[in-house]
Amino acid sequence: MHEQINNLPKRAKDKHKENKAFFTKLKRKPPKQLDYMMQELHEEEFERMDCLECANCCKTTGPLFTNKDIQRIAKSFKMKEQEFIEQYLRLDEDNDYVLQSVPCVFLGTDNYCSIYDVRPKACREFPHTDRKKFQQISNLTLKNTAICPAAFNIVEAMKRQIQL
């Protein structure tokens, strides 16, 4: 798995042009059953993929924290929301709350998340490959293929399955 993660950015870069062209066509003419197909590809991939062996998303990127995320997590820590923000978060260039640094402070050495039950929505939904109206998040998916081996594999499977 370690080697696969190390090679992922290069593999994603090598496929970037091809994937971008594929997603451009997909946006113009998405298949009728795209959401169903994506759900299936997502489930099949995550039957094989064990996120605990990887955790590359937690090691290399940070999620956006919504107000609801902040409320929920602060409550679980028995902290005031402002305390939680000051201790763990910062505002990014888009004025969104993000972690002060990566890897994620809540990621253990065993790749387990210490706030898994109350984790941010962005973490729960990552890599977003089972999202409805999937064709609308192609830029995000392209970015995620360089971070998540499962997202990379799902896009490759999509290209084999969907003839555009």
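A search through the whole structure turns up zero disulfides (a disulfide being a pair of cysteine sulfur atoms within 2.5 Å). The model is predicted, with local features needing pLDDT of at least 70 and side-chain atom pairs counting only at pLDDT 80 or more, while totals for chains, interfaces and linings use all residues. Residues are numbered from 1 along each chain as its sequence is written, and side-chain values use heavy atoms, leaving out hydrogens and water.

**Exercise 1.** Describe how helices H5 and H6 pack.

*Solution.* 
- Step 1: Locate H5 at residues 67-76 and H6 at residues 81-88. Helices (H or I, at least four residues) and strands (E, at least two) are DSSP runs, numbered from the N terminus.
- Step 2: Read the geometry: the angle is about 95 degrees and the axes are 9 Å apart. Axes are lines fitted to C-alpha atoms, for helices over the stretch in contact, and angles run from 0 to 180 degrees between N-to-C directions.
- Step 3: Name the arrangement: H5 is roughly perpendicular to H6 (65 to 115 degrees).
- Step 4: List the contact (heavy atoms within 4.5 Å): Ile70, Gln71, Ile73 and Ala74 come from H5, and Glu81, Phe84 and Ile85 from H6.

**Exercise 2.** Find where the cis bond from valine 102 to proline 103 and the one joining phenylalanine 126 and proline 127 lie.

*Solution.* 
- Step 1: Recall that most peptide bonds are trans.
- Step 2: From valine 102 to proline 103, omega is near 0 degrees; proline 103 sits in the loop between strand E3 (97-99) and helix H7 (121-125).
- Step 3: Between phenylalanine 126 and proline 127, omega is about 5 degrees. Proline 127 is in the loop between H7 and helix H8 (138-144).

**Exercise 3.** Is asparagine 111 buried or exposed?

*Solution.* 
- Step 1: Note its positive phi of about 70 degrees, although it is not a glycine.
- Step 2: Read its relative accessible area, 13%: asparagine 111 is buried.

Methods:
Parallel < 35°, antiparallel > 145°, perpendicular 65-115°, else oblique. Buried < 20%, exposed > 50% of the residue type's maximum accessible area, 1.4 Å probe, protein only.
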